Amino acid sequence: MAIQIKTLDQLKTMRKAGLLVRNTLDLVKANIKAGITTSALDAIAEANIKRGGGTSNFKGYHGYPATICVSVNDEIVHGIPGDRMIMPGDIVSVDCGAVIDGWHGDAAFSVIVDPKDDARQKMLDVCEESMWVGIAAGTAGAKLSDIGHAIEKYTNEQGTYGILREYGGHGIGTSMHMEPHILNYGKPGNGPTIEPGMVFAIEPMITMGTHKTRILEDNWTVVTTDNSHGSHFENSYCIAPDGKPFVLTEVDGGKANLARFGIEVSALLS
Ligand code: MF3
Ligand code: CO
C-alpha cells in the first residue's frame, strides 16, 4: 500500500478539519483546572466539534467511547474521560480528532495544572519541541525515518527521558490512521521519500522514566510500568504542492515554529 497523496483541494478540506481540532483543543485547554472532571472536558470537545460542523473520529474508533482522550500523569495516551477529577499538579494530556467532509485532523497537547514543577515542565517542553524537530526533519525530499531519528536525538540530548516505542505517528487523510507508521526513534535515511501531497501526524510521547507501558483493564489507557509521568504532543502537517510544509492543526500553519529551523511554510493553504 502506498502513502495517500492529496490534491490542494483535499488539503484545503484537511485544513478545515485541522483548524476545528485546534479550536477544540484550545477550548478544552482553557477549561482545564483543578476540580473539573475529564468527562466534562469531553463534553466541551464534543459540543465544539458539532458546532464547527465536524464529527469525531475517535468516538466509535475500534469501540472507543469518547470524543477526546484525556490522560493524566502516568497515563500517557488513550485515557478515557470519566469521573476522574483533575487535581493540582496533574499533567493533563488531551488528544482530539475531527472529520470534515471525509477528511481527518488529529492533534494533542499536554499541560501541567498549577503548581508546576521545573523538572516535569521541562519534560513537557522537550516533548513539544521534539514534535517540531520531527516536523522540521520531515520536509520534502527527506526520508521518512529522518523524522523519528531527529525526535530521538533531540530528546536524548535534553536529558534522560523514556520515549514510547509501541506508539508513534501516522499518515492521515481519508482515515485517521493510514500508512505509514512513524516511529519516534530510529536510524535516519530509511523508508519512503517525503513528497508533496503527503500528510503526517507527528506525535512524540515521552516520560520521566521508562519507555515501557501497559494497558489498563479498560483496554485503552496506556500507562508507564514504573508510574513515571509523561507527555504527548501531536500535530498533523502536510507537504503542499509547492513542496513546502504546512501544519494543518496550527492556527499559523506552523509558520513561527518552523521559521526557527529556517523553514518557510506554504502560502497555498492560508
Ligand atoms: N488520535 C490518537 C492518535 O494520535 C488515536 C486515538 S485512538 C482513539 O493517533 F480511539 F482514542 F480514538
Ligand atoms: Co495521531
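On a 1 Å grid laid over the protein atoms alone, a pocket is an open set of points with protein on both sides within 12 Å along at least five of seven lines, whereas a cavity is a set of points where a 1.4 Å probe fits but cannot get out. A molecule sits in a cavity or pocket if more than half of its atoms lie within 2 Å of its grid points. In the structure shown above, the space taken by ligand 1 is the largest pocket. The model is a predicted one, in which local features need pLDDT of at least 70 and side-chain atom pairs count only at pLDDT 80 or more, while totals for chains, interfaces and linings use all residues. Residues are numbered from 1 along each chain as its sequence is written, chains are lettered from A and ligands numbered from 1 in the order in which they are written, and side-chain values use heavy atoms, with hydrogens and water left out.

We turn to the ligand. Around ligand 1 there are 13 residues, of which Phe58, Asp106, His177, Glu203 and Glu234 come nearest; a residue is near a molecule if one of its heavy atoms lies within 4 Å of it. By residue type, this shell holds 6 nonpolar, 3 polar and 4 charged members, where Ala, Val, Leu, Ile, Met, Phe, Trp, Tyr, Cys and Pro count as nonpolar, Asp, Glu, Lys and Arg as charged, and the others, Gly among them, as polar. Taken alone, ligand 1 exposes 330 Å², and the protein buries 97% of that. Such areas come from the Shrake-Rupley method with a 1.4 Å probe, and for residues only the protein chains shown count as cover.

Phe58, one of the residues that come nearest to the ligand, is placed in the loop between α2 (38–51) and β1 (68–72). Helices (H or I, at least four residues) and strands (E, at least two) are DSSP runs, numbered from the N terminus. Phe58 counts as buried because its relative accessibility is 5%; buried means under 20% relative accessible area, exposed over 50%, and partly exposed in between, with a 1.4 Å probe and protein chains only. Between Phe58 and Asn219, 161 residues apart in sequence, the C-alpha distance is 15 Å.

Ser110 is in strand β4 and, at 5% relative accessibility, counts as buried. The side chain of Ser110 makes a polar contact of 2.6 Å with the side chain of Ser93 and also reaches the backbone nitrogen of His232 at 2.9 Å. Thr224 belongs to strand β11 (residues 222–224) and is buried, with a relative accessible area of 0%. A polar atom of the Thr224 side chain lies 3.2 Å from the backbone nitrogen of Asn227, and the side chain of Thr224 reaches the backbone oxygen of Ser228 at 2.7 Å.

The backbone geometry comes next. Most residues other than glycine have a negative phi, and most peptide bonds are trans. A cis peptide bond, with omega about 0 degrees, joins Asp114 and Pro115, and Pro115 is in the loop between β4 (103–112) and α3 (118–137). Glu179 and Pro180 are likewise joined by a cis peptide bond, with omega about 0 degrees; Pro180 is found in strand β7 (residues 178–182). Although His78 is not a glycine, its phi is positive, about 65 degrees. His78 lies in the loop between β2 (75–77) and β3 (91–100) and counts as partly exposed, at 24% relative accessibility. Asp101, in the loop between β3 and β4, has a positive phi near 50 degrees and counts as exposed at 66% relative accessibility.

Further C-alpha distances link parts of the chain separated in sequence. Val77 lies in strand β2 and is buried, with a relative accessible area of 3%; the C-alpha atoms of Val77 and Ala201, 124 residues apart along the chain, are separated by 15 Å. Ala2 is found in the segment before α1 (8–30) and is exposed, with a relative accessible area of 59%. The C-alpha atom of Ala2 is 9.5 Å from that of Pro192, 190 residues away along the chain.

Terms used
1 Å grid on protein atoms, 1.4 Å probe; cavity = no way out; pocket = protein on both sides within 12 Å on 5 of 7 lines; lining within 4 Å. Polar contact = N/O pair within 3.5 Å; in protein donor to acceptor, adjacent residues only side chain to side chain.
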